[in-house]
Amino acid sequence: QVQLVESGGGLVQAGGSLRLSCAASGRSFNTMGWFRQAPGKEREFVATFTWIGGTTYYADSVKGRFTISRDNAKNTVYLQMNSLKPEDTAVYYCAGQIIGVSRSPGQYDYWGQGTQVTVSS
């Protein structure tokens, strides 16, 4: 059974930091991605990481503030979020793509349940 389990969300003041974790089990993926969805908005790309090569991609809105990384031993992907802004408030989802590298949510094969991040001003 394939599972992606996120953790680490919460409430933080603007300028603060949070680290999200995504523990993957059940199969391997070429690419792991983080996406987010705010109320009334479409799900949007945040960052991706390829297991082979470790190539990373970031949305312009988070570049320089967020860092995606992995722990191979734990099969876990992290999203370190610094200098958080109220507009970062959303449910954050971890996703796995079996083949390819994409910023499009529709290209991902498996999804976690999501974790809420709320940034107060």
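## Salt bridges around aspartate 88

Aspartate 88 forms a salt bridge with arginine 65, with the closest N and O atoms 2.8 Å apart. The two sit in distant parts of the chain, 23 residues apart: aspartate 88 in the loop between β8 and β9, arginine 65 in the loop between β6 (56-58) and β7 (66-71). A salt bridge here is a side-chain nitrogen of Lys or Arg within 4 Å of a carboxyl oxygen of Asp or Glu. Strands are DSSP runs (E, at least two residues), numbered from the N terminus.

This is a predicted model: local features need pLDDT of at least 70, and side-chain atom pairs count only at pLDDT 80 or more. Residues are numbered from 1 along each chain, and side-chain values use heavy atoms, without hydrogens and water.

The whole structure holds 4 salt bridges.

Aspartate 88 is buried at 1% relative accessibility, arginine 36 at 6% and arginine 65 at 10%. Glutamate 44 is partly exposed at 36%. Buried means under 20% relative accessible area, exposed over 50%, partly exposed in between (1.4 Å probe, protein chains only).

## The disulfide

The structure holds 1 disulfide (cysteine sulfur atoms within 2.5 Å). Cysteine 22 and cysteine 94 form it, their sulfur atoms 1.9 Å apart. Cysteine 22 lies in strand β3 (residues 18-25) and cysteine 94 in strand β9 (residues 90-97), 72 residues apart. Both cysteines are buried. The S-S torsion is about -70 degrees, so the disulfide is left-handed.

Note on methods: Helix = DSSP H or I, 4+ residues; strand = E, 2+ residues; numbered from the N terminus.
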